[in-house]
Each structure stands twice: as structure tokens, then as C-alpha cells.
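Here is a short tour of a protein model, with its sequence and fold side by side.

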Amino acid sequence: MSDTLISVSHLTHEFAARRTMFGAPQATIRAVNDVSFDIARGETLALVGESGCGKTTTGRAILRLIEPTSGHVTFDGIDVLTLQREPLRRLRRRMQVVFQDPHTSLDPRMRVGRTVREGIEAHELAEGAEADARVARTLEEVGLRASDAAKLPHEFSGGQRQRIAIARALAVEPEFVVLDEAVSALDVTVQAQVLALLMQLQRDRGLTYLFIAHNLAVVERIATRVAVMYRGRIVEIAAAAALYSSPQHGYTKALLSAVPVPDPRVKKKRIVWDGN
């Protein structure tokens with residue numbers, strides 16, 4: 001793929017399942033197992049699979065929110081996993097994340113303006129009135145009002161809180177955003193609104209997304225390509241249209257068969273995946 005922004009190669013992450021009395025790992029669980037994929041500039045790669053398959057761990061390992069056990073991650077030619085503290089801090093401006101639950105990802109004691117402004121000041125992008133103006137523009141860009149900067153998170157609905165989380169990520173003008181189940185905590189109507197917003201922001205800003213989700217119905221609308229994950233491994237990766245029309249792996253077929261059909265008159269055969 002030309003103009004690759006993110007390249008993930010043989011990424012592995014193990015968690016300690018048991019430790020000795022001195023804290024050394026005694027048994028491990030391999031949550032991410034030899035995962036490789038590329039993401040081109042401006043595209044949305046959806047990473048899908050059931051809960052516990054390693055999707056979120058993969059996204060966090062790419063951003064180095066957790067340290068991978070092994071493998072390589074390259075961002076715009078930069079070896080992410082070898083960066084020391086200060087170069088990594090500078091790179092974080094270009095790589096941002098929106099978490100699943102806006103109720104827990106926002107500080108309930110911090111006003112919205114301060115939440116959005118925090119990254120701007122940390123990366124020394126603006127200060128004073130210029131920072132205030134940047135906060136106001138970003139809030140308006142995600143469908144909120146500039147005056148919302150003075151409010152606290154509890155004054156907003158779940159969908160509005162997720163817009164605040166998106167504004168916080170966008171305030172530092174990133175190129176790549178990991179959307180970790182970013183709409184799964186929202187009801188269906190609000191999901192559609194936030195997805196439309198994310199797609200518009202991608203067009204306006206030229207953003208690249210890793211869209212982590214378990215709902216294939218949601219993914220179909222936003223994804224350029226889809227990678228299907230099962231027990232820590234990528235079992236299938238294809239262009240979205242090809243994957244939905246002609247899935248190749250048995251697990252992918254089972255996931256697609258579980259997508260509900262809005263017409264109650266249509267009966268859909270459910271495929272049960274036995275792991276083989």
C-alpha cells in the first residue's frame with residue numbers, strides 16, 4: 001500500500017497471569033499474538049472481534065500506552081517502540097486516542113475548556129487568548145458551543161461527552177487517532193451522529209483512523225478496510241466491501257451472521273463458530 005502512515009509488524013503483548021511472591025511473572029497470557037498490518041494516510045482501518053480478543057490491547061500498544069512484549073511499530077518512518085521519553089512525548093501530539101466511555105475518560109472536576117486546553121498547553125501550541133480561541137473553534141467543530149467551555153462534564157449527555165473527548169484529541173491537531181469503541185457506549189441514534197461527525201472530521205482534516213469495535217454494523221459505515229481479530233491474531237483483513245460481500249474466514253462469517261437485520265420478516269441463519 002502506498003503512502004503508509006502506520007506499519008505494525010509482528011506485534012505481541014503478554015500479560016502476567018500469575019506472579020511469584022517477588023513479583024516475577026510465573027505464567028503469561030498472550031493477548032496480542034504476532035499481529036501485522038499497515039494503515040495508509042487518510043484511511044480507516046477497522047479492527048473488529050469479540051470482547052477479549054486483543055483489539056484494545058493492540059491499539060494501546062501501538063500508542064505505547066502499554067509497552068509491547070515484542071514487535072515493531074512505525075509511524076511516518078519513526079520507530080515508535082525505540083523512542084525515549086521526550087521524543088515520545090512530542091510524537092504523542094500526532095497520535096491521539098478517544099476511549100470508549102466518556103463518563104470515565106473525562107475528569108469530572110475539570111471544566112470542558114480546561115480539558116480541551118490541556119493538550120494545547122502541554123505541547124506549547126498556544127497560550128492565553130490564542131489558546132482560548134483554539135478551544136472555542138475545536139468545540140464548535142465537533143458540534144458544541146464555545147460557551148460550553150465553562151461547563152463541567154456532568155452537564156452533558158453521553159453523546160456530548162464523547163464530542164468533548166473527540167475535541168480533546170483534535171485540539172493538538174493529530175494525524176492519527178485510535179477510536180477505541182468510541183461509539184459503543186452510545187445509543188443507536190447518537191452513534192449515527194457521532195459516526196457522521198468522525199467521517200466529516202476525517203474529510204476536513206485528512207485524519208487516519210484505527211477504529212476498534214465489536215459491532216460490524218457500525219464498522220460497515222466508516223471503514224475503508226476491516227481486520228478481523230480472534231484470540232489475539234488477525235485472521236482476515238480485506239477491503240470493507242469485499243469482506244462484507246464475501247468473507248473468507250469462518251470466524252468472520254460467524255460475526256457477520258450475528259449482525260441483526262432491521263426487517264423482522266427476514267430470517268437470518270446464525271453461524272456458530274467452533275474455533276476450527
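How much space lies in the largest cavity? In this predicted model, the answer is about 40 Å³. A search of the whole structure turns up three cavities of 30 Å³ or more. Lining the largest cavity are Ile62, Leu63, Val80, Leu88, Leu91, Arg92 and Met95. Helices α1 (55–63) and α2 (85–91) each contribute at least two residues to that lining.

Now to the sheet. Its six strands run in the order β6-β7-β8-β3-β9-β10, forming an open sheet with mixed pairing. Because β6 (95–98) and β10 (233–239) each have a single partner strand, they stand at the edges, and one side of each is left without a neighbour in the sheet. From one strand to the next, the twist averages 20 degrees.

Further in, β3 (residues 44–48) pairs with β9 (residues 225–230) in the parallel sense, over four bridges. Leucine 47 has alanine 227 of β9 as its bridge partner. Helix α10 (residues 250–257) packs on the sheet, where it touches β9 and β10, and its direction makes about 105 degrees with that of β9.

| Core | Size | Residues, among them |
|---|---|---|
| Largest nonpolar core | 53 residues | Ile166, Phe211, Val219, Val226 |

Leaving aside neighbours within four places in sequence, isoleucine 166 is in contact with Val98, Val142, Val194, Leu197, Leu198 and Leu201.

Conventions. Residues numbered from 1 in each chain as written. Predicted model: local features only at pLDDT ≥ 70, side-chain atom pairs only at ≥ 80, totals over all residues. Heavy atoms only, no water. Pairing = 2+ DSSP bridges. Axes fitted to C-alpha atoms, helices over the stretch in contact; angles between N-to-C directions. Contact = heavy atoms within 4.5 Å. Core = buried A, V, L, I, M, F, W, Y, C linked by side-chain atoms within 4.5 Å. Buried < 20%, exposed > 50% of the residue type's maximum accessible area, 1.4 Å probe, protein only. 1 Å grid on protein atoms, 1.4 Å probe; cavity = no way out; pocket = protein on both sides within 12 Å on 5 of 7 lines; lining within 4 Å. Points joined across faces, edges and corners; volume = space filled by probe spheres on them.
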